[in-house]
Amino acid sequence: MVTKVPPRPSPARRLLRPLLACGLAAGSLAAVPGTAGAEDGKAGGTTLTVAVSQSIDSLSPFLAQKLTSTSIHRLAYEYLTNYDPKDARTVPGLATSWTPSPDKLTWTYTIRGDSFWSDGRQATAEDAAWTFNKMMTDPNAATANGSFTANFEKVTAPDPKTLVIRLKKPQATMTALDVPIVPKHVWEKVTDFSKFNNDKQFPLVGNGPFVITDFKVDQYVRLKPNKRFWRGAPKFDELVFKYYKDGDAAVAALQKGEVSFVPNLTPAQAAALKTQKNIKVNDAPGRRFYALATNPGARARDGRTFGNGHKALLDPAVRKALFLAVDRAALVDKVFQGHAVEGEGYIPPRFGTYFWKPSGAQRRAYDPAGAERLLDAAGYRRNADGKRVGKDGRPLDFRILCHATDPNDKAVGKYLQEWWGKLGIGLKVECLDSVSDPWLKGDYDLAFDGWSVNPDPDYVLSIHTCGTLPATPKDTGATDNFICDKEFDGLYARQAAEYDAAERADLVKRMQSRLYDTGYMNVMAYPNALEAYRTDHIASITTMPADAGNLWGQDGYWSWWSAVPAASSSGPGADSSPAGIWLVAGPAAVVLLGAGVWAARRRRATADDRE
């Protein structure tokens with residue numbers, strides 16, 4: 001859907017002060033009243049400023065996994081195919097067409113002739129072949145998206161417009177390969193893909209709708225429109241993703257006109273914004289799940305274990321008891337205030353083809369009395385102080401990793417402390433700016449987890465397979481939570497090779513059923529996409545899907561590429577509104593990103609996790 005709003009007079013301007021408070025280096029932005037684009041002398045440019053609460057993990061498409069990072073890469077690099085913003089069907093990207101052989105083992109893609117890298121060279125099939133071959137031959141290059149190429153046998157480019165992929169066995173995701181294609185002539189110079197974060201020389205060469213022009217760790221990434229983008233250049237002169245650790249501060253900035261868009265609103269924030277002039281609130285079914293992940297015993301593919309997860313959580317009875325003592329309906333009502341759907345299966349109900357929910361005896365409804373009986377029967381008795389202890393005498397005192405920037409984590413944590421405390425189980429809520437370090441080391445008992453799901457669910461299923469475990473305890477794998485279950489793996493392999501849509505959907509549902517039964521992932525809710533933007537900054541913008549869709553975290557670049565500036569606004573410096581001015585030294589867009597661990601390879605920093 002393209003949301004249109006009438007232009008309004010006297011648009012608010014964007015203030016420089018929050019940037020200075022974030023510690024931006026002197027001289028990188030210019031506070032010159034009434035001007036913008038000081039570098040090239042242009043004034044009156046338009047800027048779309050987006051508030052974000054998640055730092056990026058890497059600017060390398062081979063390493064990046066967090067939603068903010070992958071969203072930036074969707075803006076900077078083309079994929080072979082894309083998803084239609086209206087209904088998420090497959091549409092052309094770098095490839096204009098694709099044809100499988102009768103046995104589905106060879107796929108031939110026609111590469112468009114009107115896609116150019118930002119340094120002027122034409123993007124060709126050779127770039128795509130090199131990207132995939134690098135992922136196939138270098139494990140470090142497969143860190144982020146290796147599941148897509150694990151089944152590739154051979155990839156060639158017989159001519160600039162033809163890409164041929166030979167498979168070991170049929171693969172159902174061949175029209176949904178969510179892998180950024182990079183320029184061979186740039187990336188073939190990289191020697192160590194495990195350490196190269198693509199953050200030293202700018203502008204970065206890409207062929208998407210925007211070009212990344214600068215980056216400073218925990219401060220910003222700058223982008224500008226790609227004037228040669230084959231779909232047409234973006235309408236705004238600048239795109240700004242500005243980091244706010246505090247959600248209330250981001251909302252205040254929206255009200256002042258310092259930012260144009262804020263995602264991941266709390267219900268209270270959304271309610272307050274609905275009454276504000278020039279602000280539109282979007283409340284749509286989300287593509288994320290919000291879950292409670294249990295450490296199943298961190299281990300590597302070489303068989304070695306690591307981390308300090310509580311051993312009692314290896315007992316299915318304990319995991320099931322914890323599951324039974326979570327009132328998901330209450331969380332939807334009290335924490336999300338109705339702006340969510342009660343969690344059940346792994347895939348959100350927005351994706352109806354793959355949505356699954358337990359029924360009958362399999363369903364673990366809220367039953368604290370049942371949880372008590374289960375723990376008693378399993379030998380976890382209360383001591384004289386009323387605390388549950390294991391057979392080794394160790395109390396059932398657990399830790400849960402919490403994202404410091406996510407108010408939902410903190411609120412849910414309090415409820416868990418109350419509910420589990422009644423069972424005699426202790427819970428320490430450990431809220432951190434970045435949970436990546438302890439998570440990667442396996443130093444946790446439980447964690448708040450959440451992923452954004454693509455129209456094709458293969459990726460979010462793959463992260464629970466044995467093959468995504470780290471090779472050794474010192475390595476980093478693509479695994480989400482160290483789960484390794486042979487039954488789940490077998491179902492995953494079958495769905496990945498199944499071209500019949502109905503059969504594949506059934507296999508995906510069986511995978512969710514298995515994951516539910518293990519108790520390693522308790523999906524508590526499917527949060528709505530609750531977001532807001534200024535109508536005096538943005539005249540129209542595309543939601544995905546068209547009917548009740550979201551703007552932030554789309555499967556593609558549609559929202560920011562399609563956004564049209566309000567007719568009354570010529571951008572920063574457009575008038576003398578008392579709200580102030582946003583001024584950027586140069587035509588580049590700015591993505592400001594907050595504190596986080598740059599070396600981490602995970603998609604976990606806040607509620608807006610991975611697509």
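My entries take a sheet, then a pair of helices.

I noted that this is a predicted model, where local features need pLDDT of at least 70 and side-chain atom pairs count only at pLDDT 80 or more, while totals for chains, interfaces and linings use all residues. Residues are numbered from 1 along each chain as its sequence is written, and side-chain values use heavy atoms, with hydrogens and water left out.

**The sheet.** I looked up the strands (DSSP runs of E, at least two residues; helices are runs of H or I, at least four, and both are numbered from the N terminus) and found four in an open, antiparallel sheet ordered E5-E6-E8-E7, where pairing requires that DSSP finds at least two bridges. Strand E5 (95-100) and strand E7 (152-159) are the edges, each pairing on one side only. I read that five bridges join E5 to antiparallel strand E6 (residues 106-111), and that serine 97 stands opposite threonine 110 in E6. Helix H3 (residues 125-137) packs on the sheet and touches E6, E7 and strand E8 (162-167), contact meaning heavy atoms within 4.5 Å.

**The helix pair.** I then checked helix H7 (residues 316-324) and helix H9 (residues 368-377), whose axes come within 8 Å and cross at roughly 165 degrees; axes are lines fitted to C-alpha atoms, for helices over the stretch in contact, and angles run from 0 to 180 degrees between N-to-C directions. H7 and H9 are therefore roughly antiparallel to each other, a term for angles over 145 degrees. Among the residues that meet are Ala317 and Leu324 in H7 and Pro368 and Leu375 in H9.

How values were computed: Parallel < 35°, antiparallel > 145°, perpendicular 65-115°, else oblique.
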